[in-house]
Amino acid sequence: MRINKYLSSCGLDSRRKCEALVLDGRVRLNGKPVTALATEVKDGDVVEVDGRTVSPSHKKTYIMLNKPKGCVSTASDDRGRRTVLDIVKVSHRVFPVGRLDYDTEGLLLLTDDGDIANKIMHPSGGIKKLYSVRVEGEPTEAELKRLRAGVQYGGVQYSSAGVKVVGTENGNTRLEITVTEGKNHEIKNMIESLGRRVLFLKRVAIGDIRLGGLSRGEWRYLSPREIDYLKSL
């Protein structure tokens, strides 16, 4: 098994994040430093991260959080801000699947299953993420067509999005936007490409996993049906 997949199976983080552990020189295999991502781990090998022996976790954990504004979607923060792990406190290590911006709220999954995390985050999976968005002003039909066709902003190309107008309120517009890429600040940048601002942003679904009635800052374990769905992706 490749070293990044092995580390991910130990519940450390997604495969991509585990690659960084290797490249940063924090991993040792049978007592020797490992920096090559192509390194294979075989039965009987001893793997250490930061001096601590790690081994695959057999029973995986899957958690849904309604992330509130004012916290970061990381395990730690060098600026001392509250993280999602200050909210979701369990006895074993889990990590957030992807991220939501500091001032964005809504559905965030946490797990120790690196394979599932990789499936959800990788653009090739094409998994739809649904957002509830309140936009400044009232976008024209031409502007909505631009979002549906795909826009460019700040030198970055954003793919086509599903866009539905839900209603208007106090001169602003409520939209439902569906994307599959998961680029940084994706929704905000798409709206700003129209010369407008996002006033409110909340993720309400990842594929068939929906936030439902979970209140802000609350979390729960996924149901067996939801776990089976993730494993089927």
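The lining of the largest pocket in this predicted model comprises, by class, 12 nonpolar, 10 polar and 13 charged residues. The largest pocket has a volume of about 900 Å³, while the second largest pocket has a volume of about 380 Å³. The structure also holds one cavity of 30 Å³ or more.

**The largest pocket**

- A total of 35 residues line the largest pocket, and G98, R99, G182, K183 and N184 lie nearest its centre.
- Two or more residues of this lining come from each of α2 (15–23), α3 (114–121), β8 (129–135), α5 (186–192) and β13 (198–206).

**The second largest pocket**

- Of the 19 residues that line the second largest pocket, L12, D13, K17, A75 and R93 are the closest to its centre.
- Helix α2 and strand β6 (95–96) each supply at least two residues of the lining of this pocket.
- The largest share, three residues, comes from α2.
- By class, the lining of the second largest pocket has seven nonpolar, four polar and eight charged residues.

**Strand β5**

- Strand β5 (residues 62–67) is largely enclosed by the rest of the structure, because six of its six residues are buried.
- In a regular strand the side chains alternate between the two faces of the sheet.
- Both faces of β5 are covered, with Y62, M64 and N66 buried on one side and I63, L65 and K67 buried on the other.
- Strand β7 (residues 105–111) pairs with β5 in the antiparallel sense over six bridges, and N66 stands opposite L107 in β7.
- Strand β15 (residues 219–221) also pairs with β5 in the antiparallel sense, over three bridges, and here M64 stands opposite R220.

**Helix α6**

- In helix α6 (residues 224–232) the buried residues are E226, I227, Y229 and L230.
- These residues lie on the same side of α6, because they cover an arc of only 155 degrees around the axis.
- An α-helix has 3.6 residues a turn, so residues three or four places apart point the same way.
- P224, R225, D228 and S232 are exposed on the other side of α6.
- The buried residues of α6 pack against β5, β7, α3, β13, β14 (209–210) and β15.

**Residue I116**

- I116 belongs to helix α3.
- I116 has 5% relative accessibility and therefore counts as buried, the cut-off for buried being under 20%.
- Leaving aside residues up to four places away in sequence, I116 touches Y62, L230 and K231.
- I116 and L233 are 117 residues apart in sequence, yet their C-alpha atoms are 8.3 Å apart in space.

**The cavity**

- Rolling a probe the size of a water molecule over the atoms shows where empty space is left.
- The largest cavity has a volume of about 30 Å³.
- Its lining consists of Y62, I63, V97, L109, L110, T111, I116, I120, L222 and L230.
- The elements that give two or more residues to this lining are β5, β7 and α3, and β7 gives the most, with three residues.
- By class, the lining of the largest cavity has nine nonpolar residues, one polar residue and no charged residues.

Key: Residues are numbered from 1 along each chain as its sequence is written. This is a predicted model: local features need pLDDT of at least 70, side-chain atom pairs count only at pLDDT 80 or more; totals for chains, interfaces and linings use all residues. Side-chain values use heavy atoms; hydrogens and water are left out. Buried means under 20% relative accessible area, exposed over 50%, partly exposed in between (1.4 Å probe, protein chains only). Helices (H or I, at least four residues) and strands (E, at least two) are DSSP runs, numbered from the N terminus. Two strands pair if DSSP finds at least two bridges between them. On a 1 Å grid over the protein atoms alone, a cavity is a set of points where a 1.4 Å probe fits but cannot get out, and a pocket is an open set with protein on both sides within 12 Å along at least five of seven lines; lining residues have an atom within 4 Å of a point. Grid points are joined across faces, edges and corners, and a volume is the space filled by probe spheres set on the points. Ala, Val, Leu, Ile, Met, Phe, Trp, Tyr, Cys and Pro count as nonpolar, Asp, Glu, Lys and Arg as charged, and the others, Gly among them, as polar. The arc is that of the directions from the helix axis to the C-beta atoms. Contact means heavy atoms within 4.5 Å.
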